[in-house]
Amino acid sequence: MNDHQLSIKTDSLLETVSSSIHHNRYEATPYEGLEVLSALYPLHRRSGLVDYGCGKGRVSFYFHHRFGLNVTGVEMNPRLYQEVLQNQASYLAKRKLGRGSLQFEHAFAEKYEVKEDQNVFYFFNPFSVQIFAAVMNRIAVSLEQKERDAVVILYYPTVEYIHHLEENTAFRLVRQIPIPGLVENNHNERFVVFEYKT
């Protein structure tokens with residue numbers, strides 16, 4: 001799959017979108033990685049996915065198209081938020097929204113209120129581990145309020161994120177999924193999947 005097939009534009013190179021030490025530059029997850037992840041860890045159609053730091057929305061559109069998930073992208077940068085809305089209009093113009101909802105929120109991740117039907121949480125290092133910890137606290141509160149199984153997927157995982165999940169949450173590492181053709185040159189070209197079981 002690619003941008004053209006999804007009628008979106010997410011391919012631009014790295015951009016600096018924040019001067020804050022807590023927010024990282026925009027970069028999209030490679031399509032070849034999403035294909036490998038989807039083949040080895042397919043997501044259930046009734047899942048609700050939150051794409052934190054969604055940028056221009058590649059992951060959001062991909063999983064909505066591939067699995068018909070209910071998807072919410074959360075993006076705090078106003079310029080990227082405008083671009084993801086343009087992509088959404090283009091994406092929806094070419095297809096009927098037959099299965100799964102698709103929405104984007106202009107919000108700070110740590111302020112976003114997790115809904116009770118959301119159970120898959122995707123991160124490609126959008127922010128510092130301090131913000132990640134605050135986001136995971138919000139997820140934990142939601143899981144307490146409405147008991148359900150949940151999944152955290154990290155792409156290009158940082159040691160800090162993994163350590164936080166292992167030491168400070170009830171999520172457990174269940175899969176490591178390397179991306180063939182990329183991981184040989186860079187050990188971080190992989191997904192790690194953590195699950196929370198009720």
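Helices (H or I, at least four residues) and strands (E, at least two) were taken as DSSP runs and numbered from the N terminus. The structure is a predicted model, in which local features require pLDDT of at least 70 and side-chain atom pairs count only at pLDDT 80 or more, whereas totals for chains, interfaces and linings use all residues. Residues are numbered from 1 along each chain as its sequence is written, and side-chain values use heavy atoms, with hydrogens and water left out.

The chain contains six helices and seven strands, which follow one another from the N terminus in the order α-α-β-α-β-α-β-β-α-β-α-β-β. Along the principal axes, its C-alpha atoms fill a box of roughly 45 × 40 × 35 Å. The radius of gyration, taken over C-alpha atoms, was compared with a globule rule of 2.2 Å times the number of residues to the power 0.38. For 198 residues a compact globule would have a value near 16 Å, and the 16 Å of the chain agrees with this. Burial was assigned from relative accessible area (buried, under 20%; exposed, over 50%; partly exposed, in between; 1.4 Å probe, protein chains only). By this criterion, 52% of the 198 residues are buried. Among contacts (heavy atoms within 4.5 Å) with a separation of 6 or more, 73% join residues 24 or more positions apart.

Helix 3 (residues 58–67) is largely enclosed by the rest of the structure, because eight of its ten residues are buried. These are Arg58, Val59, Ser60, Phe61, Tyr62, Phe63, His64 and Phe67. The helix is followed by Gly68, which has a positive phi near 65 degrees. In helix 2 (31–40), the buried residues are Tyr31, Gly33, Leu34, Val36, Leu37 and Ser38. The elements that cover them include helix 1 (3–6), helix 3, strand 4, strand 5, strand 6 (172–178) and strand 7.

Nonpolar cores were defined as sets of buried Ala, Val, Leu, Ile, Met, Phe, Trp, Tyr and Cys residues joined through side-chain atoms within 4.5 Å. The largest such core has 32 residues, of which Leu43, Phe61, Phe63, Tyr122, Ile153 and Phe191 touch the most other members. At least two residues of this core are supplied by each of helix 2, helix 3, helix 4 (78–93), strand 3 (102–106), strand 4 (120–123), strand 5 and strand 7. Helix 3 provides the largest share, five residues. Apart from this core lies another, of 25 residues, among them Ala109, Ile131, Phe132 and Val192. When residues up to four places away in sequence are not counted, Tyr122 touches Thr29, Leu34, Val50, Asp51, Tyr52, Val59, Ile153, Tyr155 and Phe191.

Pockets were identified on a 1 Å grid over the protein atoms alone, as open sets of points where a 1.4 Å probe fits, with protein on both sides within 12 Å along at least five of seven lines; lining residues have an atom within 4 Å of a point. Grid points were joined across faces, edges and corners, and a volume is the space filled by probe spheres set on the points. The second largest pocket holds about 230 Å³ of space. It is lined by 14 residues, and those closest to its centre are His44, Ser47, Asn119, Val120 and Val151. Strand 5 (150–155) and strand 7 (190–196) each contribute at least two residues to the lining. The lining comprises seven nonpolar, three polar and four charged residues, with Ala, Val, Leu, Ile, Met, Phe, Trp, Tyr, Cys and Pro counted as nonpolar, Asp, Glu, Lys and Arg as charged, and the others, Gly among them, as polar.

Two residues other than glycine were found with positive phi values: Asn125, near 40 degrees, and Tyr156, near 50 degrees. Asn125 is placed in the loop between strand 4 and helix 5 (129–145) and is buried, at 13% relative accessible area. Tyr156 occupies the loop between strand 5 and helix 6 and is partly exposed, at 25% relative accessibility.

Helix 6 (residues 159–168) includes Val159, which is exposed with a relative accessible area of 66%. Val159 and Val129 are separated by 30 residues in sequence and by 9.7 Å in space, C-alpha to C-alpha. His164 also lies in helix 6, but is buried, with a relative accessible area of 11%. Its contacts, neighbours within four places in sequence aside, are Val129, Phe132, Ala133, Met136 and Thr169.
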